[in-house]
Amino acid sequence: MFKRLFAFIVVVTAIFSISSCTEKIDNSEDKVWAWVSGSINMSDEKMEEYFINCKECGIDAIIMECHGAKPAILDSTTFRDDAAIEIISRAAQFAKKYDIELHAWIWTTNRTEMTLRKAHPEWYQVNAQGESCLDIKLYNREHYRWLCPSHPEVTEYLKDRVRELAEIDGLAGIHLDFIRYPDVILPYGLHESRGVVQDKVYPLWDFCYCDTCRENFKKLTGIDPIELEDPTSNQEWMQYRWDLMSKMASDIAAEIKKCGKVASAAVFASPEESKKLVRQDWANFRNFDYLFPMIYHKFYDFDDQWVETATREGVEALKAANNSAKLCSGLFVGHVPADRIPEFIKYVKDGGSNGICFFSLEGINHAPDYWTKLKEALSAVADEENNS
Ligand SMILES: [Zn+2]
């Protein structure tokens with residue numbers, strides 16, 4: 001998986017030291033990635049510390065969150081996401097300094113900005129009870145506000161957000177998170193802590209039954225989906241929603257590529273679980289360079305070995321869908337004990353992942369000894385593959 005990793009880093013460093021390019025972008029090899037939350041309040045010192053630690057540890061690429069759950073900051077008179085632009089512009093300086101790839105992580109269908117909520121409430125998703133996600137607090141989460149992909153204007157709005165970020169000098173790629181419907185069923189390990197019973201699909205959590213979706217589906221099939229007694233058993237209605245989300249994801253990824261950036265997305269753990277829990281058929285997300293299934297296995301109540309199983313299922317689903325995106329397994333640091341990192345690297349490697357991604361740098365920071373153990377594990381893998 002990490003074959004020729006160090007040789008590759010040397011070559012890339014050499015290429016970039018003699019070229020005029022300012023971004024470190026290379027898709028030819030497997031990499032070690034990590035997610036981190038960016039914040040407008042993060043000091044330069046703190047930001048730089050992350051880049052230094054990644055450089056020393058052997059992490060090649062940072063995916064930095066620059067939008068989400070910060071409605072006060074995002075509220076402005078225009079839709080331009082100035083906070084996101086500022087976060088990524090500052091990080092880009094350190095990305096260049098430490099020769100680490102930087103990807104801007106944005107929220108996609110889940111958009112919290114008050115300007116948008118006020119200007120276009122009709123763009124937001126509606127559940128099978130006819131309630132807009134703007135009018136209820138889904139799962140008691142203030143930030144659960146979901147755009148509906150049936151509106152072409154929604155895709156255009158998101159393309160605008162992509163373009164304004166893509167202008168930042170030194171940015172390697174744009175990473176789409178929440179490119180899905182709200183959880184119709186939460187991952188199984190979370191039901192108790194969130195106080196929900198979800199033994200089947202219930203209308204409260206089943207989206208999107210907005211007027212546009214209902215009309216469009218009725219034109220296609222003659223059926224108003226809100227009248228379906230068991231919507232989940234209607235294959236056409238399921239497919240309609242899967243396809244709608246796949247089309248929007250593919251269109252936004254095409255825009256990222258048009259801007260000359262690496263297109264990636266964080267997706268649910270396995271293709272089948274994703275379709276079932278969040279109506280996300282990511283094997284059919286087109287135009288992406290990378291798809292990162294978040295294989296946070298304990299949230300699903302699965303054992304450690306499932307990391308390998310889910311990785312393999314994802315790789316096979318991409319292949320079956322003739323999708324050229326690379327799969328890179330994402331692991332939850334809290335589910336991967338520091339002294340067992342090599343075992344988990346083996347799971348993703350054996351499952352066929354192209355590289356590995358850790359959630360998150362904050363998690364690594366908070367776990368005692370994690371940086372040291374991760375560095376040891378990554379060095380050992382690189383040494384082993386250099387010698388093979
Ligand atoms: Zn809709």
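In the predicted model described here, C148 is buried, with a relative accessible area of 0%; buried denotes under 20% relative accessible area, exposed over 50%, and partly exposed the range in between (1.4 Å probe, protein chains only). C133 is likewise buried, at a relative accessible area of 0%. Residues are numbered from 1 along each chain as its sequence is written, and side-chain values use heavy atoms, with hydrogens and water left out. Because the model is predicted, local features need pLDDT of at least 70 and side-chain atom pairs count only at pLDDT 80 or more, whereas totals for chains, interfaces and linings use all residues.

Zero disulfides are present in the structure, a disulfide being a pair of cysteine sulfur atoms within 2.5 Å. C133 accordingly takes part in no disulfide, and the nearest cysteine sulfur, that of C208, is 8.2 Å away. C208 itself is located in the loop between α7 (191-194) and α8 (211-221); helices (H or I, at least four residues) and strands (E, at least two) are DSSP runs, numbered from the N terminus. The peptide bond joining F207 and C208 is cis, with omega at about 5°.

The strands form an open sheet of nine, in the order β7-β6-β5-β4-β3-β2-β1-β9-β8 and with parallel pairing; two strands are taken to pair if DSSP finds at least two bridges between them. At the edges stand β7 (326-327) and β8 (329-332), each of which pairs on one side only. Within the sheet, β1 (residues 32-37) is joined to β2 (residues 61-65) in the parallel sense by five bridges. In this pair, W33 is placed opposite A61 of β2.

The backbone nitrogen of S329 lies 3.0 Å from a polar atom of the S353 side chain. This distance meets the criterion for a polar contact, namely a pair of N or O atoms within 3.5 Å in which, within protein, one must be able to donate a hydrogen and the other to accept it, residues adjacent in sequence counting only if both atoms are side-chain atoms. S353 belongs to the loop between α12 (341-351) and β9 (356-359) and is buried, with a relative accessible area of 5%. Beyond F359, the peptide bond to S360 is cis, with omega near 10°. S360 is situated in the loop between β9 and α13 (361-366).

Two helices were examined in relation to the sheet. Helix α2 (residues 44-57) lies across β1, β2 and β3 (101-107) and runs at about 155° to β2; axes are lines fitted to C-alpha atoms, for helices over the stretch in contact, and angles run from 0 to 180 degrees between N-to-C directions. Contact means heavy atoms within 4.5 Å. Helix α9 (residues 235-258) lies across β4 (173-177) and β5 (262-267), at about 150° to β5. The 24 residues of α9 should span 34 Å at 1.5 Å a residue, and this agrees with the 34 Å separating its end C-alpha atoms; the expected span is 1.5 Å times one less than the number of residues. N234 caps the N-terminal end of α9, with a side-chain oxygen 3.1 Å from the backbone nitrogen of E236. G260, which follows α9, has a positive phi near 80°.

A166, in helix α6 (residues 152-166), is buried with a relative accessible area of 12%. Its C-alpha atom is separated by 6.3 Å from that of C259, 93 residues apart along the chain. Not counting residues up to four places away in sequence, A166 touches L171, I174, C259 and K261.

Positive phi values also occur in residues other than glycine, including D99, where phi is near 55°. D99 is positioned in the loop between α4 (82-98) and β3 and is buried, at a relative accessible area of 19%. N287 likewise has a positive phi, near 75°, and is found in the loop between α10 (271-278) and β6 (290-293). With a relative accessible area of 40%, N287 is partly exposed.
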